[in-house]
Amino acid sequence: MEQFVRIELFGIPLTLKAETDAAKAQEVADYLVGEVAKVEQRLGAEPPRVTQNAVLILTALNIINEFFELKRDHQELLDKIFRKTDYIIQRLSESSATSGK
């Protein structure tokens, strides 16, 4: 069953075919619309030379930056978990070695 997601960008209604669950696709599409709106708001009364393509590129850069920040934070969290796990394993090994004497 084909599923479609509807959004509006720059006053233009768009219908996109959802490759995944329609609700998830709609959430992603709504996020994009929200991020575009943020960029447009930040640009405010910029001269008309700021094209829709420029807005989309700035939006993409903002989303990519957010992605890389999350990716870095995720890696830092994994590193911390691995360090703590290694510490706990080491302590348990030492504890079992001393209790076995």
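These questions and answers go through a predicted model, from its hairpin and helices to its salt bridges.

Student: How many bridges join β1 to β2?
Tutor: β1 covers residues 3-9 and β2 covers residues 12-18. The two strands run antiparallel. The number of bridges that join them is seven.

Student: Which residue in the turn of the hairpin has a positive phi?
Tutor: β1 and β2 form a hairpin, with two residues between them. In that turn, a positive phi of about 55 degrees belongs to F10.

Student: How far apart are the end C-alpha atoms of helix α1, and what span should its 22 residues have?
Tutor: Helix α1 takes in residues 22-43. At 1.5 Å a residue, its 22 residues should span 32 Å. The distance between the end C-alpha atoms agrees with this, at 31 Å.

Student: Which residues of α1 are buried, and how wide an arc do they cover?
Tutor: The buried residues of α1 are A25, A29, E35, V36 and V39. They lie on the same side of α1, because the arc they cover around the axis is only 120 degrees.

Student: Which exposed residues does the face of α1 turned away from its buried side carry?
Tutor: An α-helix has 3.6 residues a turn, so residues three or four places apart point the same way. On the face of α1 turned away from the buried side, the exposed residues are A23, K24, E27, Q41 and R42.

Student: Is E35 buried or exposed, and which residues is it in contact with?
Tutor: E35 lies in helix α1. The cut-off for buried is under 20% relative accessible area, and E35 has 7% relative accessibility, so it counts as buried. Leaving aside neighbours within four places in sequence, E35 is in contact with T59 and I63.

Student: Which residue follows α1, and what is its phi?
Tutor: The residue that follows α1 is G44. The phi of G44 is positive, near 55 degrees.

Student: How many salt bridges does a search of the whole structure find?
Tutor: Side chains of opposite charge can pair when their charged atoms come close. One of the pairs is K38 with E35, and another is R72 with D73. The search of the whole structure finds three.

Student: What is the N to O distance in the salt bridge of K38 and E35?
Tutor: K38 and E35 are three residues apart in helix α1, so about one helical turn separates them. K38 counts as partly exposed, at 43% relative accessibility, whereas E35 counts as buried, at 7%. Their side chains meet with an N to O distance of 3.0 Å.

Student: Which residues are linked in a network of salt bridges?
Tutor: R72 forms a salt bridge with D73, with the closest N and O atoms 3.2 Å apart. R72 also forms one with E76, at 3.6 Å; E76 and R72 are four residues apart in helix α2, about one turn of the helix. R72 is partly exposed at 44%, D73 is partly exposed at 36%, and E76 is partly exposed at 46%. The network links R72, D73 and E76.

Conventions: Residues numbered from 1 in each chain as written. Predicted model: local features only at pLDDT ≥ 70, side-chain atom pairs only at ≥ 80, totals over all residues. Heavy atoms only, no water. Expected span 1.5 Å × (residues − 1). Buried < 20%, exposed > 50% of the residue type's maximum accessible area, 1.4 Å probe, protein only. Arc of directions from axis to C-beta. Contact = heavy atoms within 4.5 Å. Pairing = 2+ DSSP bridges. Salt bridge = Lys/Arg side-chain N within 4 Å of Asp/Glu carboxyl O.
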